[in-house]
Amino acid sequence: MARPKYNLVTDLTEDLIPQPAQATRMSLEDFLSLPLEKILYVVFLTGADVGRVKETDIWKQSNVYCIEVVGELGDSEAFSKFNCFSTMEVPTISSVVELTMKHIKLHHEQKIELKTLKDVLNHESRKLKELNEIGQSLSSISDPQVLMNLILEKSRELTNADAGSICIVKYNNEEQPIEMVFSFFQNYTLKQNLKVDLSMPVSKKSLAGFVALTGECLKIKDAYEIPEEKDYAFNQNVDMSTGYRTKSILVHPMIDNTSTILGVVQLINKRSYDYEELEDGKVNVDQIVEFSPDDVEIISSLTSQAAICLKNTTLIQDIQMLFEGFVNASVTAIEQRDPTTSGHSFRVALMTVELAKALSQVTTGKFAGISYNERELQEVRYASLLHDFGKIGVREQVLVKAKKLYPHEMDMIRTRFEYILKDVEARMLAKKIEMIQSMGYDMANAHFGQLDEELKTSIEEIEEIVYFIIQTNEPSVLEEGNFKRLLEIAERTYLDPYDQPKPFLLEREVEALSIRKGSITADERKEIESHVTHSFTFLSKIPWTRGLKQVPTIAYGHHEWLSGEGYPNQLTEDEILAQSKMMAIADIYDALTASDRPYKKAIPVEKALSILNMEVDRRHLDGELVQLFIDKKVFKSAENY
Ligand SMILES: [Fe+2]
Ligand SMILES: [Fe+2]
C-alpha cells in the first residue's frame with residue numbers, strides 16, 4: 001500500500017522531519033511502554049481508506065513516532081487506543097503539518113510538566129505516608145530507648161543524613177535544663193550505631209545545647225565555617241579522633257505539646273541525591289549538601305510527633321517504676337513480719353516467670369501452643385510477687401509460730417512449774433516444822449530422811465514433766481503414748497497461794513501440745529490459709545491495667561491442687577490457671593529449700609525435687625510442669641537471690 005503521507009513532511013525544518021526511509025517498525029505494545037519523556041507522537045491517517053480499523057503500525061523515527069492507523073477517519077474507538085494528538089487527512093499542505101508538529105511539541109512539554117507535578121505530588125504523599133507510618137510505629141513503642149533509636153533512624157532516612165545523634169534534656173526542680181543525656185550515635189560512613197549514656201551539661205556553646213536552651217533549629221552549611229560571632233561553635237575533637245569530616249548539620253529540638261524541649265536531634269552530612277561512597281571509607285565531602293527547608297519542615301513534623309510519644313512512654317515508664325517500687329516495698333514490708341521467709345516472694349517470682357518462659361518453648365504435651373508475651377510474663381511476675389501479700393491479715397505470732405506453744409505460753413508453763421517445785425518444797429518444810437512442834441525435834445528428825453526422799457521423788461517427777469512438755473512442744477510427730485501421758489499430766493493439779501487447786505496444764509496448752517504433726521492448731525492453720533483469700537481481696541482492689549487483669553486470679557490459685565483438695569476454693573485441674581500451677585511449684589520448692597528458717601532445716605535440692613515429684617503423684621502439682629521445672633533447671637534461676 002502506498003504511503004503518501006511521507007511526502008507531506010519533506011519540507012519541514014530539519015529537526016521535525018521524520019525520515020521514513022530509516023523508520024523501523026514497532027508494535028503498539030512497545031510503543032505504549034516507551035518512557036514519556038522520550039517520545040513525540042503524531043497520528044497520520046490514510047484518509048483515502050474507509051471501513052473498519054484493521055491494522056495499526058507504529059513507525060519509530062528518532063524521537064518522533066508516526067502512527068499509521070488504517071481505518072475509518074474519526075473512528076473514536078480506534079483513536080482512544082492511542083495518545084492521539086492530531087489527525088490529518090492526506091494530502092495536506094506542509095505548513096499545516098509544521099503547525100501540527102509545533103502543537104505536538106507544546107503538548108508534549110505540557111505532558112512532561114504534568115508528569116513532574118505528579119512526581120512531586122507522589123513524592124510528597126509518599127513522605128506524608130511515611131511520616132504517618134513512622135507516627136504509628138512511634139506510638140506503638142513503650143520503651144523510650146527503642147523510641148529514641150527509631151526517631152534518629154527515621155530522621156536520617158527522611159533527610160538522607162549520613163550521621164546523627166539524639167539526646168534527652170534533663171531539668172532541675174526549677175524546670176531549668178541542666179543536662180543533656182545522649183543515648184544514640186549513628187554514623188553510616190563509620191558503620192557505627194552506638195548505644196551510649198553520655199551526659200553533658202547544657203550550654204549555649206555547643207550546637208545541641210544552644211538548641212536545647214533556645215528551642216531554635218540550626219541549619220549549618222559547613223560545620224567548619226561557623227562564624228565566630230555565633231554563640232555556638234562546632235567541636236572538631238570527635239572528627240579528629242575518628243577521621244570523620246562533619247560538614248552540613250541540622251539540629252532540631254523535640255518539643256512536646258506543652259512547649260517543653262524534651263530532647264534534641266542532630267543530623268549530620270546530608271548526602272546529595274547521587275552521592276557516591278568513597279573507597280577509603282571517608283566522607284565524600286564534595287557530595288555533602290546543605291539540609292533543605294523541606295528537611296527542616298519534615299524533621300519538625302517528625303520531632304513534634306516523637307516528642308509526644310517520648311513524653312507518653314516516659315510517663316508510662318515512670319508510672320511502671322513507681323508501681324514496681326510500691327510492689328517491692330509492699331513485699332519487703334510483708335516479709336519483714338516473718339524474717340524467716342525473707343526473699344520468698346522474689347524467688348517465687350523469678351522461678352515462676354522462668355518456668356512460664358520455658359513453657360512458651362514447649363511444642364508437645366498439653367501445654368503445647370501456650371506462649372506468654374512480655375505483658376503476660378509481667379502479669380505472672382506481679383501475681384507471684386504479691387501471692388502471699390494476704391499474710392498481712394494473719395497474726396504475726398501465728399505466721400512465725402515455730403513450736404506448738406507460743407513462746408509466752410512456754411514461759412508461763414516454766415514459771416508455773418517453778419512455783420510448783422517451790423510449793424512442794426515449802427509444803428515439805430511446813431510439814432517438818434509442824435512435826436517438830438508437835439513431837440519435838442529429835443522425834444521429828446527421825447522422819448526427816450523419809451520426807452526428804454519423798455521430796456526428791458516429787459522434784460524429779462516434776463522435772464520430768466517439764467522435760468516431757470519441752471519435748472512435746474517440738475513440731476515433730478506426736479506418738480500415741482505421749483498423747484496419753486499428756487492427758488495424765490493435764491489431769492494433775494497443784495494448789496495456788498490461796499490453796500485453790502489449779503491444773504498442771506491449761507486446756508489451751510493441752511490442745512496446742514496435742515497437735516499430731518507440725519506446730520499449728522486447726523484454727524491457726526485456717527488463719528494461715530486465709531492469706532490466699534486476703535491476697536485475692538487485696539489484689540482485686542488494685543485497678544490493674546489492661547493486660548494485668550488476671551493478677552488477682554493467678555495469685556488466688558497458688559494453693560489449689562489438681563486433685564481438687566487444695567484451698568481455698570478446691571478448684572479442679574481444669575479450673576486452675578497454668579500460671580497458678582507454675583507458681584505452686586515454685587512456692588513449694590522455695591519453702592522446702594529456703595535456708596533461712598531457724599526451725600526448719602533447708603532440704604537439699606535433689607530431695608526437694610523428689611518431693612515435688614511426690615506432690616505430682618499425690619495430684620497436688622502438675623507432672624509436665626514439674627518435669628519442665630527440673631529439666632530446664634528453672635530452680636536455679638533464684639539460687640543466688
Ligand atoms: Fe501462699
Ligand atoms: Fe508462698
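The model is predicted: local features need pLDDT of at least 70, side-chain atom pairs count only at pLDDT 80 or more, and totals for chains, interfaces and linings use all residues. Residues are numbered from 1 along each chain as its sequence is written, while chains are lettered from A and ligands numbered from 1 in the order in which they are written.

**Exercise 1.** Work out what length helix α15 should span, then find where it kinks.

Step 1. Helices (H or I, at least four residues) and strands (E, at least two) are DSSP runs, numbered from the N terminus. Helix α15 covers residues 522-540, so its 19 residues at 1.5 Å each should span 27 Å; the expected span takes 1.5 Å times one less than the number of residues.

Step 2. Check the ends: the end C-alpha atoms sit 28 Å apart, which agrees.

Step 3. Now look for the bend (the angle between axes fitted to the seven residues ending at a residue and the seven starting there). You'll find a kink of about 30°, centred on V532.

**Exercise 2.** Which strands pair with β10, and over how many bridges?

Step 1. Two strands pair if DSSP finds at least two bridges between them.

Step 2. Take β5 (residues 161-171): this strand runs antiparallel to β10 over seven bridges, with G164 opposite L267.

Step 3. Next, β9 (residues 249-255) pairs with β10 in the antiparallel sense, over seven bridges; I249 has I268 as its bridge partner.

Step 4. Finish with β11 (residues 288-289), antiparallel to β10 over two bridges; here R271 faces I288.
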